[in-house]
Amino acid sequence: MSEANAVRGRVSLTRYLIELERHDDGRGPLPPSLRLLIEVVARACKQIAHEVGKGALGGVLGEAGTGNIQGEAQKKLDVIANEILLEANEWGGHLAAMASEEMATVFPIPDHYPSGEYLLLFDPLDGSSNIDVNVSIGTIFSVLGCPEGTTPGESAFLQAGSHQVAAGYAVYGPQTQLVLTVGHGVAVFTLDRETHSWILTDDGVRIPEDTKEFAINMSNRRHWEAPVSRYIDELLAGHEGPLAKDYNMRWVASMVADVHRILSRGGVFMYPRDAREPDKPGKLRLLYEANPMSFIVEQAGGAATDGRGRILDVAPEKLHQRIAVFLGSKNEVERVTRYHA
Ligand code: P6P
């Protein structure tokens, strides 16, 4: 491809979004304020990628000396990423409030800034246990409309995942990539580290309905419910078992990395509820981990359930509530969900 064509052939995130503003296939054109929101979040993810990439040279590794609402020790980069997202989004006039895994309560837009029509939720840095060992981590975000005339407190965020207007994640790995859906399928952007632009590298992503790869933390086996044990035993039985094929296993312990692999080549990701803490069904959080990832996975032709029903249909009761997660290749998710019936 000639240099001119090489430049002409590249679609930036801005161009992709502007074309969605013009494009109306029944869901309506992308509102300009939502385009601004997505561009602001995408820019913040570039800044987070920059901080993550410094590693030990930037003094950003290790513990922050504080804890989050889940009682988990926060890493320095958890706090840095959270601050980057708050600072990037608070002044733009597109948000009414924000919520984060790293903040116990909702962050309303300060009075000295204009308030907007959207709510932004995020896990600013997912996969924290991998930060200090240089394994891929990421940022997960979800966008909801702020209910008319409500003061944006916790209750405004308690909407089913099917109400999301946008969702995405950035994965900070060998490549820095941004995955986005606004309800028109799933697009993937790769960060051009020379021009610092997000460039469209895949659109209309589809997850294969079948797979030979599963992702689960096997060390929790003794804590699983019977349907999960049955399903995993069948996967491990391979071609001699009832599923009549051999499976491979992956577990990165960064949901963003595991989901990105599944988006790229199929697979099934599971973090089941377990007997350790019956009042906490699973480890993953509904509003800013399971819901955005489920929206993306469904938009790519996959499925996402909590073992009993569609995750996007779950009516949230608390901002930081947890949920069991089974997501990915449709036929495998439907199978393990059927076993729970
Ligand atoms: P475990 C990271 O801490 C996280 O929230 C997800 O990104 C990941 O899938 C999961 O927890 C890993 O949990 O118990 O295997 O360390």
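So, Trp 251: a side-chain N or O atom there is 2.9 Å from an oxygen atom of the ligand. I'm calling that a polar contact, meaning a pair of N or O atoms within 3.5 Å. Asn 217 also uses a side-chain N or O atom, 2.8 Å from a ligand oxygen, while Met 255 has a polar backbone atom 2.7 Å from one. The protein buries 84% of the 400 Å² that the ligand exposes when taken alone, with areas from Shrake-Rupley and a 1.4 Å probe.

Before I go on, the caveats: this is a predicted model, with local features needing pLDDT of at least 70, side-chain atom pairs 80 or more, and totals for chains, interfaces and linings using all residues. Numbering runs from 1 along each chain as its sequence is written, and side-chain values use heavy atoms, without hydrogens or water.

Who else is around the ligand? The shell includes Asp 126, Phe 269, Tyr 271, Lys 283 and Glu 289, where near means a heavy atom within 4 Å. By class, that's six nonpolar, three polar and three charged residues.

Now the cysteines. The disulfide count is zero, the rule being two cysteine sulfurs within 2.5 Å. Cys 45 is buried, at 0% relative accessible area, and Cys 146 is too, at 14%; buried means under 20%.

Terms used:
A polar contact is a pair of N or O atoms within 3.5 Å; within protein, one must be able to donate a hydrogen and the other to accept it, and residues adjacent in sequence count only if both atoms are side-chain atoms. Ala, Val, Leu, Ile, Met, Phe, Trp, Tyr, Cys and Pro count as nonpolar, Asp, Glu, Lys and Arg as charged, and the others, Gly among them, as polar. Buried means under 20% relative accessible area, exposed over 50%, partly exposed in between (1.4 Å probe, protein chains only).
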